[in-house]
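Here is a note for a colleague who is meeting this structure for the first time.

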Amino acid sequence: MNAEAVRRPIPSVHNLLLLTLNLLWLGFVLNLTFQPLVEPDFGWHLRAGLDLIAQGWIVPETDPYSHTMPDWRWVEHAWLTDGLLGLLYRSLDPVGELGVIVWFGLVTALAWWVAAGLASVPQTYRLAAMVASLWVALPFLGARTQLVSLLGLAVLMRVWQQIQRGHRHWNGALPPLFLLWANLHGGFTAGLFLLSLFVLGSLCARICADHWPALTAWLNEPVLTWADLRQVMLALGIAAAVTCLNPYGWRLYVEIYDSLTDRFMIDTLREWQPVSFQGWAGQAYGFYLAGLAFLIAGWYRRVEPVRWLMLVIVLALSLLHWRNVSLFLIVSLPLAAELLALATEACLRAAPVLRTFADPILFALAIAAASVLSLWAPEHMSKVWRSGTAAPDYFEQTDYPIEAVRWIRNHHNDVGTRLYNDYGYGGFLLWQLPGKKIFIDGRMPAWRIGNRRIFQDYVDLNRENSPELSLLDRYGVDWALIPRGSILALALERHPAWNLLYADAKAVILRRKEELNSRGG
């Protein structure tokens, strides 16, 4: 064979430096998306998934996990995700936790990768935008089923991009996408909302283009024809209809609506509070928005009304509720990548001499990225590895009461049958103590039957001035696992009807003395 025929070009130094920098950016992405299992709601999702498998994929009619609301018709809008988590966890035993970490990490990385891929810019800019966005999103990452919906949003944006470019057959992807999404997570409603915004913006653009034909010359995004609009509206209608093909039917919408409109929950839970730019999470988001505004003011000159409509409305929603911040980070990611590329090119045009030093600049960036990664990544990945391979030992470093859980396992005859637990412990206890009924967990803030408003009762039990201890009698609570030093713990430790069974640096376990006396204890 001729040697010339197999000879390949030697990569240039510039390309090698770009490849190195991209690999380092990818390292940052993986370190940001792989997180230890510290999400409070993960435990009950995993328990629901494991039980779903054990029961032959038959969803429970009422809540099987609490003694306070056992008659509540529980609608689990992430039932399929729970089942998949349970399968993964069980099949990878004894390192099921590690499999779950990797799964959530890959779902997160894929969501950001798909969203960034919508920007028609070199990979380096897309990866840099992903790193910046993920750093801001860090408080919202981890083992959260909401990340499935962020991936759904990214895929939806990809489908819409193809529809805008005139590829009508992509309309056919919308119904199956929403059918799957509606069974994976309740965030599919955000997808329907976003798609409706796309259609509304395109409809307005079409009407304006018909009345002022010259306007289309100013637009930097395609204007759908009336035939395209009819087709996408039909696909939207079918997509909305097929979301009712789930174990709960139309009740799924009722549950989501009730949750989104529960005033007490919205006023009480932090994730439903308006964004505050104090604290690390708020400051990081503020810097992101300021940087985006600076880049827009400096280099964004495109006329894209549909994109503007989406970005403005999702931005407003993100400022209204903390839980929506990650939605804006996803939908704004393509724009962020495009703006980074535009700003860089503008700087190179303004100072052509910078092109001469392109390789030294890339080398310096690579060295800086490698230095930060080498200082941060080993410790972080060590925590991730311990969380995935030695979860009980790892939990000793967290606020979760793993030590108290061990005590309960060894003294199960000494505790009662109707537990009071801290809200943040609920999901963890369902995971670690299968079969034990809990008082409250992250599923229940909007649950209400008659005068039983479990989350409001929980808040009343933890009032700083005077905990409403009579509520424990109302629910027949005979033992409690609560944070040490909390208002309620101190009140029960002083109360003559309660006996302290266990205490450590994190938590205390108490039991009603009457129950102990009746057992001869």
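1. A place to begin is the salt bridge in which the side chains of Arg453 and Asp262 meet, at 2.6 Å from N to O; the term stands for a side-chain nitrogen of Lys or Arg within 4 Å of a carboxyl oxygen of Asp or Glu. This pair links distant parts of the chain, 191 residues apart, with Arg453 in strand β3 (residues 452-453) and Asp262 in the loop between α11 (251-261) and α12 (263-268). Arg453 counts as buried because its relative accessibility is 10%, and Asp262 counts as buried at 10% as well; here buried means under 20% relative accessible area, exposed over 50%, and partly exposed in between, with a 1.4 Å probe and protein chains only.

2. A word on the basis of these values: this is a predicted model, in which local features need pLDDT of at least 70 and side-chain atom pairs count only at pLDDT 80 or more, while totals for chains, interfaces and linings use all residues. Residues are numbered from 1 along each chain as its sequence is written, and side-chain values use heavy atoms, with hydrogens and water left out.

3. The protein chain as a whole has 25 helices and six strands, where helices (H or I, at least four residues) and strands (E, at least two) are DSSP runs numbered from the N terminus. Its C-alpha atoms fill a box of roughly 90 × 55 × 55 Å along the principal axes, and 51% of the 521 residues count as buried. Among contacts between residues at least 6 apart in sequence, 70% join residues at least 24 apart, a contact being heavy atoms within 4.5 Å.

4. A search of the whole structure finds 20 salt bridges, and two further pairs may be compared with the one described above. The side chains of Arg323 and Glu271 meet at 3.3 Å, N to O; Arg323 lies in the loop between α14 (305-320) and α15 (325-331) and Glu271 in the loop between α12 and α13 (279-299), so this pair ties together parts that are 52 residues apart in sequence. Arg323 is partly exposed, with a relative accessible area of 29%, and Glu271 counts as partly exposed at 31%. Glu468 forms a salt bridge with Arg463, their closest N and O atoms being 3.1 Å apart.

5. Which residues form a nonpolar patch on the surface? They are Leu16, Leu19, Leu23, Leu26, Leu30, Leu110 and Trp113, with about 610 Å² of accessible area together. The elements that give two or more residues to this patch are α2 (13-33) and α5 (96-116), and the largest share, five residues, comes from α2. Patches are made of residues with over 30% relative accessible area and no salt bridge, like charges being joined within 9 Å and nonpolar side chains (Val, Leu, Ile, Met, Phe, Trp, Tyr) within 5 Å; accessible areas come from the Shrake-Rupley method with a 1.4 Å probe, and for residues only the protein chains shown count as cover. Leu110, found in helix α5, counts as partly exposed because its relative accessibility is 41%.

6. The buried side of the model can be followed in helix α20 (residues 402-410), whose buried residues are Ile402, Ala404, Val405, Trp407 and Ile408. These residues pack against α19 (391-395), α21 (426-432), β4 (479-483), β5 (498-503) and β6 (507-512). Thr145, in the loop between α6 (123-137) and α7 (146-164), counts as buried at 4% relative accessibility. Leaving aside neighbours within four places in sequence, Thr145 is in contact with His45, Ala78, Thr81, Asp82, Phe104 and His185.

7. Two details of the backbone deserve a careful look. Most residues other than glycine have a negative phi, and most peptide bonds are trans. A cis peptide bond, with omega about 15°, joins Asp93 and Pro94, and Pro94 has its place in the loop between α4 (79-91) and α5. Trp57, although not a glycine, has a positive phi of about 65°; this residue is in the loop between α3 (42-54) and α4.
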